[in-house]
Amino acid sequence: MGNLHLYLIFFAAIFIIELLMSIVMLQLERFFEWGYYYDVALKDALLLTFGRLKYHYPIAIILFIILMKNISYDNRVIVIALINACLYFFILLFYAIFINPDIREYFLKPAFYFNLIAVFLSPFVLGKIPYFKKLMKELI
């Protein structure tokens, strides 16, 4: 656990990338559905992403560290992206089944799929930045 600060830096960067990607994707959805409503897309993206920060990331960081130490891999970015997306899906599914059944309807909304895409693609975007590319090599 000596690299905990590196994992926290990595997840802070992932959080920011996911937030930006969610804003863009929700904005595109709102544009094609209703016209140009930037403030609605921004509000929805912020609510979704900060909700994930509160309920998802504490569990995801712990599980991510455990999984990264126990899974073999060839391509680091693909493994990180898959683990990130699977953790997002299964933690949300856990909440929907055991904690708050009202969020089951979220799985039927486009915002869920946009967030899932953002969660999956964020490590690829982050891997294009030299510092984070090096950081991913250190974490894995």
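**View 1. The largest pocket of this predicted model takes up about 570 Å³.** Sitting closest to its centre, out of 22 lining residues, are Leu 48, Gly 51, Leu 92, Ile 103 and Tyr 106. Which elements give two or more residues to this lining? They are α1, α2 (38–55), α4 (76–99) and α5. Sorted by type, the lining has 12 nonpolar residues, 4 polar ones and 6 charged ones.

**View 2. Here's the second largest pocket, with about 180 Å³ of space.** Its lining is made up of Asn 75, Arg 76, Val 77, Phe 124, Gly 127, Lys 128, Lys 133, Met 136 and Lys 137. By type, that's 3 nonpolar, 2 polar and 4 charged.

**View 3. Helix α5 runs from residue 110 to residue 126.** Its 17 residues reach 24 Å from the first C-alpha to the last, close to the 24 Å expected at 1.5 Å a residue. Look for a bend of about 30° at Phe 120, with Pro 123 following within four residues. Buried residues of α5 include Ala 111, Phe 112, Asn 115, Ala 118 and Val 119.

**View 4. Glu 18 is a residue of helix α1 (residues 4–34).** Is Glu 18 buried or exposed? Its relative accessible area is 1%, under the 20% cut-off, so Glu 18 counts as buried. Leaving out residues up to four places away in sequence, Glu 18 touches Arg 52, Tyr 57, Asn 84, Ala 118, Val 119 and Ser 122. Ala 118, Val 119 and Ser 122 are themselves buried residues of α5.

How values were computed
Residues are numbered from 1 along each chain as its sequence is written. This is a predicted model: local features need pLDDT of at least 70, side-chain atom pairs count only at pLDDT 80 or more; totals for chains, interfaces and linings use all residues. Side-chain values use heavy atoms; hydrogens and water are left out. Buried means under 20% relative accessible area, exposed over 50%, partly exposed in between (1.4 Å probe, protein chains only). Contact means heavy atoms within 4.5 Å. The expected span of a helix is 1.5 Å times one less than its number of residues. The bend at a residue is the angle between axes fitted to the seven residues ending there and the seven starting there. On a 1 Å grid over the protein atoms alone, a cavity is a set of points where a 1.4 Å probe fits but cannot get out, and a pocket is an open set with protein on both sides within 12 Å along at least five of seven lines; lining residues have an atom within 4 Å of a point. Grid points are joined across faces, edges and corners, and a volume is the space filled by probe spheres set on the points. Ala, Val, Leu, Ile, Met, Phe, Trp, Tyr, Cys and Pro count as nonpolar, Asp, Glu, Lys and Arg as charged, and the others, Gly among them, as polar.
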